[in-house]
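Open the model in your viewer and keep the sequence panel beside it. We will go stop by stop, selecting as we go.

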Amino acid sequence: MGVCVQVKLLGIMMNKIERVTDVSFALDDGTGRINVNRWWVLCSLVNETSDTNEMAIVQNGMYVTIRGSLKGFQGKRQVVAYSVRPVIDFNEVTLHYLECIHVHLDNTRPKANTVIGTVTPNQNDIKGFQTPLTNPIPGMKFSDNEIQKRVLDVFMEPASLVREQGLHIDEVIRRLRFATEEYHLKSLSCRDAISYHNDLGHIYSTIDDFHFKSAMNG
Amino acid sequence: MDTSSPAVFVNAELLKMHVGKRVRTVLQVARNEGGVMVGQSTDGQQLTVKGGDPKGFALSHYVEVIGIADGNQSIRAEICTDFGERFDAVSYNGLCQLANGKYKNLFL
């Protein structure tokens, strides 16, 4: 698999093995088992010292939530995790599987074929479970509206909705640049779009002035 | 990735359809009778669980049981996990129905 897919999994930790360089274990979520690796260097780079003992807390038989990248190696799938957290509230177990159904439904729903560059301002590919955007502001340039729509789409993704502290501005900019280079999205436009959605109450700031979360769902 | 032995989400009603197979359910502990746990399923019926954790779980706690369905109302446990006192049994029961109905292919 050439594409790196970000995933969130929840299940019971099994066969945990601690090595000098990494910790590996199998995650059993009831539908199957997948091997997971957590590299120590990632722990120290991403989380500094606060979470270096993250892997010491979690033990075999415990329910854990992991976030990481899905990789394929020699035909076998595995996850390289950047976060492994114990499940404290077990309603999260129910929620996780309901989310899986939700994401599956969203991925398989029929989507309108929007050809890039010929989208009209009113033809928003807004997901069925979202509240539609307000009418375009008179005099607004087409590209601004498109950027605003794409910014909101990022906040409305299921993976974004479940994050308690929402998304950092830089993350939104990074993701939009990657996905839509043809629009030459400038970070300034993205910041304007985030500010626009914040003013209208579509999103709200969470832990600081740089993190935002959708107010419409979740 | 090994998907050879999935555990099906069940309540008491669905358990009957999976006798002999690996299942997972949540029950609220009513009593412990010498290594056998008796509890109420998320759809309000009585289930018995053999094996699992010999120390037993606190009464009225919700416990998740993963094991083999060995009867219409009984499970031979492999893994039991204490889900605590505050657990939404109604939502879990809804999940059991979805996982055995329209979205069965996602879970098996």
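Two strands pair if DSSP finds at least two bridges between them. Keep that in mind for the first stop. One more caution before we start: this is a predicted model.

**Stop 1: a strand pair in chain A**

Select β4 and β5 of chain A. They pair in the antiparallel sense, over 10 bridges. Now pick A:L70. Which residue of β5(A) is the bridge partner of A:L70? It is A:V79. Strands of a sheet pair through backbone hydrogen bonds, either parallel or antiparallel.

Move to the turn of this hairpin. Two residues lie between the strands. Click on A:Q74, which has a positive phi near 50 degrees. Most residues other than glycine have a negative phi.

**Stop 2: the next strand over**

Eight bridges join β1(A) to β4(A). The two run antiparallel. Find A:Q6, and look across to β4(A): A:S69 stands opposite.

Stay on β1(A), which covers residues 5-18, and go along to A:N15. Its phi is near 50 degrees, a positive value in a residue that is not glycine. Is A:N15 buried or exposed? Count the C-beta neighbours inside 10 Å. There are 12, so A:N15 counts as exposed. The cut-off for exposed is 12 or fewer.

**Stop 3: a helix with a buried face**

Select α3 of chain A, residues 91-108. The helix has 18 residues. From first C-alpha to last, α3(A) reaches 26 Å, close to the 26 Å expected at 1.5 Å a residue.

Color four residues: A:V93, A:T94, A:Y97 and A:C100. These are the buried residues of α3(A). Turn the view to look down the helix axis. The buried residues fall within an arc of 120 degrees, so they line one face of α3(A). An α-helix has 3.6 residues a turn, so residues three or four places apart point the same way.

What do the buried residues of α3(A) pack against? In chain A, the partners are β1 and β4. In chain B, they are α2 (89-100) and α3 (104-107).

**Stop 4: where the chains meet**

Show both chains. How many residues of chain A are in contact with chain B? The count is 18, and they touch 20 residues of chain B. Three elements of chain A, β3 (33-39), β5 (76-86) and α3 (91-108), each supply at least two residues to this side. The largest share, seven residues, comes from α3(A). Color the chain A side by class.

**Stop 5: chain B**

Chain B has three helices and six strands. Follow the chain from the N terminus: the elements run β-α-β-β-β-β-β-α-α. Of its 108 residues, 36% are buried. Take the contacts between residues at least 6 apart in sequence: in chain B, 56% of them join residues at least 24 apart.

Next, click on B:S60, in the loop between β4 (46-51) and β5 (62-71) of chain B. The phi of B:S60 is near 75 degrees, again positive in a residue other than glycine. B:S60 has 11 other C-beta atoms within 10 Å, so this residue is exposed.

**Stop 6: a second sheet in chain A**

Bring chain A back. Select β6, β7 and β8. These three strands form an open sheet in the order β6-β8-β7, with antiparallel pairing. β6 (167-168) and β7 (203-205) stand at the edges, each with a single partner strand, so one side of each is left without a neighbour in the sheet. Three bridges join β7(A) to β8(A), residues 211-214. One pairing to find is A:I203 with A:S214.

**Stop 7**

Zoom out. Chain A holds seven helices and eight strands. Of its 218 residues, 25% count as buried. Now color by pLDDT. The mean for chain A is 78, and 72% of its residues reach 70 or more. Select residues 117-142 of chain A, where the pLDDT is below 50. Beyond near neighbours in sequence, this stretch has 27 contacts in the model. Where pLDDT is low, the predicted coordinates should not be read in detail.

Terms used
Residues numbered from 1 in each chain as written. Chains lettered and ligands numbered in written order. Predicted model: local features only at pLDDT ≥ 70, side-chain atom pairs only at ≥ 80, totals over all residues. Contact = placed C-beta atoms within 7 Å. Buried ≥ 20, exposed ≤ 12 C-beta atoms within 10 Å, placed from the backbone. pLDDT = per-residue confidence, 0-100. Expected span 1.5 Å × (residues − 1). Arc of directions from axis to C-beta.
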